[in-house]
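User: I'm new to this one. Walk me through it, please.

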Amino acid sequence: MARFKRPKAQKSKAQRGSDPRLQALLLQAQALREQGQFLDAISMLHQAQERDNKSHPVQLLLAATYHQLGRVDEAIQATQASLALQPNDTQSMKILGAALIDKGDHDTAVRHLKKAWGLTKKDPQILRLLCVCLNAMGRHPETLSLLTAYTHTNNSPELLELACTAYQHEGREEDAITMMEQALTHHPDSALHLCLMANAQAN
């Protein structure tokens, strides 16, 4: 009886080698996105998908573009496709977390953002999204635990603001004031921080 070899799994075009047309479509889509022409960028990315539906860069850029447009469900779907191709891609997790926050699904957002932060511990945008989500859920001690070590070396105004908010919710007004003093040292022109400082001192 004749025996047939099991067919090998098909590789994506990106895995087989560079596709100049695919790369050109990606560059054009990125340029359109940067110009605010999101619908044209999506159209270009759909053309790229037709050339290679297993391209991670295409799925990632598509997810980011959908999210910028506020098309949350499509952004979630695109990030899930991106993560199916590269399960530990922190950029995909970041977009997915942001989209889930927009959708109000904080529990799932926290799960993905915690995984992303655990993999990188370097991207302040991931940390900011995670702390925004935790604060929204009233999990202020977790926010402070994450931020306390990080803000010693990173003086991002957004992160310092989140720490101040968490301290205030925990009734730690002196710590909130100290955090705002630190923020104003590095960002003296921040009207938001001046406002938060005044509010903390008033309480």
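Analyst: One term to begin with: contact means heavy atoms within 4.5 Å. This is a predicted model, where local features need pLDDT of at least 70 and side-chain atom pairs count only at pLDDT 80 or more, while totals for chains, interfaces and linings use all residues. Residues are numbered from 1 along each chain as its sequence is written, and side-chain values use heavy atoms, with hydrogens and water left out.

User: How many helices and strands does the protein chain have?

Analyst: It has 12 helices and zero strands. From the N terminus on, the elements run α-α-α-α-α-α-α-α-α-α-α-α. Both kinds are DSSP runs numbered from the N terminus: helices are H or I with at least four residues, strands are E with at least two.

User: And what share of the residues counts as buried?

Analyst: Of the 203 residues, 43% count as buried. Buried means under 20% relative accessible area, exposed over 50%, partly exposed in between (1.4 Å probe, protein chains only).

User: Which residues have the most contacts inside the largest nonpolar core?

Analyst: Leu45, Leu113, Leu127, Leu147 and Met179 do, in a core of 54 residues. A nonpolar core is a set of buried Ala, Val, Leu, Ile, Met, Phe, Trp, Tyr and Cys residues joined through side-chain atoms within 4.5 Å.

User: Take Leu147. What does it touch?

Analyst: Leu127, Cys131, Leu159, Leu162 and Ala163. That list leaves out residues up to four places away in sequence.

User: Now the packing. At what angle do helix 8 and helix 9 pack?

Analyst: About 155 degrees, with their axes 8 Å apart. Helix 8 covers residues 124-136 and helix 9 covers residues 140-150. That makes helix 8 roughly antiparallel to helix 9. The crossing is left-handed. On the helix 8 side, the contact uses Pro124, Leu127, Leu130, Cys131, Leu134 and Asn135. On the helix 9 side, it uses His140, Glu142, Thr143, Leu146, Leu147 and Tyr150. These divide into eight nonpolar, three polar and one charged.

User: I need those terms spelled out.

Analyst: Axes are lines fitted to C-alpha atoms, for helices over the stretch in contact, and angles run from 0 to 180 degrees between N-to-C directions. Under 35 degrees is roughly parallel, over 145 roughly antiparallel, 65 to 115 roughly perpendicular and the rest oblique. A crossing is left-handed if the near helix is turned anticlockwise from the far one by less than a right angle, and right-handed if clockwise. Ala, Val, Leu, Ile, Met, Phe, Trp, Tyr, Cys and Pro count as nonpolar, Asp, Glu, Lys and Arg as charged, and the others, Gly among them, as polar.

User: How do helix 8 and helix 10 cross, roughly parallel or roughly antiparallel?

Analyst: The axes of helix 8 and helix 10 (residues 157-169) come within 10 Å and cross at roughly 20 degrees. So helix 8 is roughly parallel to helix 10. This crossing is left-handed. Pro124, Leu127, Arg128, Cys131, Val132 and Asn135 of helix 8 meet Glu158, Leu159, Leu162, Thr165 and Ala166 of helix 10. By class, that is seven nonpolar, two polar and two charged residues.

User: Switching to helix 5. How do its axis and that of helix 6 cross?

Analyst: At roughly 150 degrees, coming within 9 Å. That makes helix 5 roughly antiparallel to helix 6. Helix 5 passes helix 6 in a left-handed crossing. Residues of helix 5 that meet helix 6 include Thr79 and Ser82.

User: Is Ser82 buried or exposed?

Analyst: Ser82 is buried, because its relative accessibility is 0%. It sits in helix 5 (residues 72-85). Beyond residues up to four places away, it touches His56, Gln59, Leu60, Asp89 and Ser92.

User: Where does Thr79 lie, and what is it in contact with?

Analyst: Thr79 lies in helix 5. Its relative accessibility is 0%, so Thr79 is buried too. Neighbours within four places aside, Thr79 is in contact with Ala63, Ser92, Ile95 and Leu96.

User: Now loops. Where is Asp52?

Analyst: In the loop between helix 3 (38-51) and helix 4 (56-69). Asp52 has a relative accessible area of 4%, so it is buried. Its C-alpha atom is 7.8 Å from that of Leu22, 30 residues apart along the chain.

User: And where is Asp105?

Analyst: In the loop between helix 6 (90-103) and helix 7 (106-120). Asp105 is partly exposed, because its relative accessibility is 27%. Asp105 and Cys133 are 28 residues apart in sequence and 9.4 Å apart, C-alpha to C-alpha.

User: What is the phi of Lys121?

Analyst: Positive, about 55 degrees, although Lys121 is not a glycine. Lys121 is in the loop between helix 7 and helix 8.
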